[in-house]
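Let's take a walk through a protein together.

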Amino acid sequence: MSEDNWKYICSAKKAAQFASIPSDWIIDVPFGSETNVLGVPAACGILSQRQLEITETTDIAYLLERLHSMEWSSVEVTTAFYKRAVIAQQLPSGFLQSPNTTFSGETNCLTEIFVDRALKRAKELDDILIKTGKPVGPLHGLPVSLKDQFTMKGLETVMGYVSWVGKTADSDSVLVELLYECGAVPFVRTNVPQTLMWGETYNHVFGRTTNPYNRKLTPGGSSGGEGALLAMKGSPLGVGTDIGGSLRIPSAFCGLYTLRPSYERLPYCGAVNALEGQESISSVLGPMANSMSGVKVFTKAIIDAKPWTKDPLVLRKEWSESEYSLQNHGRGKGLCFAIMWDNGVVRPHPPLQRAMEMTKAALESAGHKADGGHDYRVQCELSGEPLITTMIPEDETHPTGLSEPFVKTLVGEASHLSAYDVIGPAFLMRTYANVVKALATAEREARFAQVSP
């Protein structure tokens, strides 16, 4: 495929995405060059006061109460969040004046926009609740955004690759099936980086996603579209995935709550992925939300739906409220958290160091213990002996073949690593080269020791 061809495919896909936005949801008010665009939804005039009230509701349990009591209809809630999601997609200046115009500062968080389909689903749920008086499930009427990995029948799942444009799914992924069973309304899908293996979010098809707190910065990745959308409160609850930080990075960058669950706890079956066949470190899916209640509500709802009946890899373990409340661990009071400030290989940047210190202070103010090596120091202080922090002999009586800890020899010279360096091919190649070098050095040292008098 020539460069002109793949660029044309990208342009056509963006044009189709633009055409899927209702014309009266297009923002035409310029907001200049502000870096923080969190206030735009309230200022742009697209949302009514009631819709602002709905979308500013971050407590998912409270939102579900309103939906189940019919105080708010699913159509009303889905419409409000859909409008806000589309506003988030269009920011900032220019506001998608045409499908062929790309602004480097767009929040640009969405991939698939299917308004009619989502509102039809919401209307069906409202009708069932009115007729029966019972919600369909624990997530009845709740709009849920999905990372562009979770296939939905009849929709494209591009996942950042130009070659995937035009490929529609024949069936729903297991997660989507369970969300339907739980009464949810999947309503948008969100942007990812090409290959997924990045801590930022950019691909040739949909472009770069930026952080609404500061559009000059990244929302993280690879669930960066979810992070930016949720930061704009364009979704009450989102679902991302994680193998090396893809839930945790955007949640940290965008001020969200998330859970990176254990392997095979939640159903991944049917979702598309990069590096198919790489199973030594499994990717997992997890919720992202503006409240802790969103994390719990989602996780409990999916586990209560017995996902192992649809995905055989999922652990057959039901939800336990006693375990969640740490009943056998003092109900979460007086916990002890270990902190590693610096592993001696990769040193945290000053802002991250400050964040760790803030976390430690917050834990301690809540009555917990937060320290690193407390037990070791206490035992050493009883006798006054110093704590041993290295196994390198102070006086080397014989050559070791290695002049520093083997891990440092493997990693090489100390440097700050990007997410790509950590889990990408460059890191693997460098590690392999360092291993070969270290082994060769050790072998030379051993031979030299044998021939020396």
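A word on the ground rules. This is a predicted model, so local features need pLDDT of at least 70 and side-chain atom pairs count only at pLDDT 80 or more, while totals for chains, interfaces and linings use all residues. Residues are numbered from 1 along each chain as its sequence is written, and side-chain values use heavy atoms, with hydrogens and water left out.

Now for the big picture. The protein has 16 helices and 10 strands; these are DSSP runs numbered from the N terminus, with helices (H or I) having at least four residues and strands (E) at least two. Of its 453 residues, 42% count as buried. Buried means under 20% relative accessible area, exposed means over 50%, and partly exposed is in between, using a 1.4 Å probe and protein chains only. The accessible surface comes to about 23500 Å², and 57% of that belongs to carbon and sulfur atoms; such areas come from the Shrake-Rupley method with a 1.4 Å probe, and for residues only the protein chains shown count as cover. Next, contacts, meaning heavy atoms within 4.5 Å. Among contacts with a separation of 6 or more, residues 24 or more positions apart account for 70%.

Let's zoom in on helix α10, residues 292-304. How far apart should the ends of α10 be? At 1.5 Å a residue, its 13 residues should span 18 Å, and the end C-alpha atoms are 18 Å apart, so the two agree. (The expected span is 1.5 Å times one less than the number of residues.) Its buried residues are Gly294, Val295, Val297, Phe298, Thr299, Ala301, Ile302 and Ile303. What covers them includes α4, α7, β6, β7 and β8. Just past α10, look for Lys306, which takes a positive phi of about 55°.

One of those covering helices is α4, residues 60-68. The axes of α4 and α10 come within 7 Å and cross at roughly 65°. Here the axes are lines fitted to C-alpha atoms over the stretch in contact, and angles run from 0 to 180 degrees between N-to-C directions. On the α4 side you'll find Ile60, Ala61 and Leu64, which meet Ser293, Gly294 and Val297 in α10. By class, that contact has 4 nonpolar, 2 polar and no charged residues. For this tally, Ala, Val, Leu, Ile, Met, Phe, Trp, Tyr, Cys and Pro are nonpolar, Asp, Glu, Lys and Arg are charged, and the others, Gly among them, are polar.

Another helix to visit is α7, residues 174-181, where Val174, Leu175, Val176, Leu178 and Leu179 are buried. Their cover includes α6, β2, β6, β8 and α10. After α7 comes Gly183, with a positive phi near 90°.

Strand β2 holds Leu146, which is buried at a relative accessible area of 0%. Who are the neighbours of Leu146, not counting residues up to four places away in sequence? They include Leu175, Val176 and Leu179, along with Met152 and Val239. Leu146 and Ser235 are 89 residues apart in sequence, yet their C-alpha atoms are 9.8 Å apart in space.

Loops deserve a look too. Ser173 sits in the loop between β2 and α7 and is buried, at 0% relative accessible area. Beyond its neighbours up to four places away, Ser173 touches Phe150, Thr151, Cys269, Gly270 and Ala271. Ser283, in the loop between β7 and β8, counts as buried at 16% relative accessibility. Its side chain makes a polar contact of 2.8 Å with the side chain of Tyr268. A polar contact is a pair of N or O atoms within 3.5 Å; within protein, one must be able to donate a hydrogen and the other to accept it, and residues adjacent in sequence count only if both atoms are side-chain atoms.

Met70 has a positive phi of about 65° although it is not a glycine; Met70 lies in the loop between α4 and α5. Asn108, in the loop between α5 and β1, has a positive phi near 55°. Buried or partly exposed? Met70 is partly exposed at 46%, whereas Asn108 is buried at 2%. Last stop: a cis peptide bond joins Gly221 and Ser222, with omega about 5°, and Ser222 is in the loop between β5 and α8.
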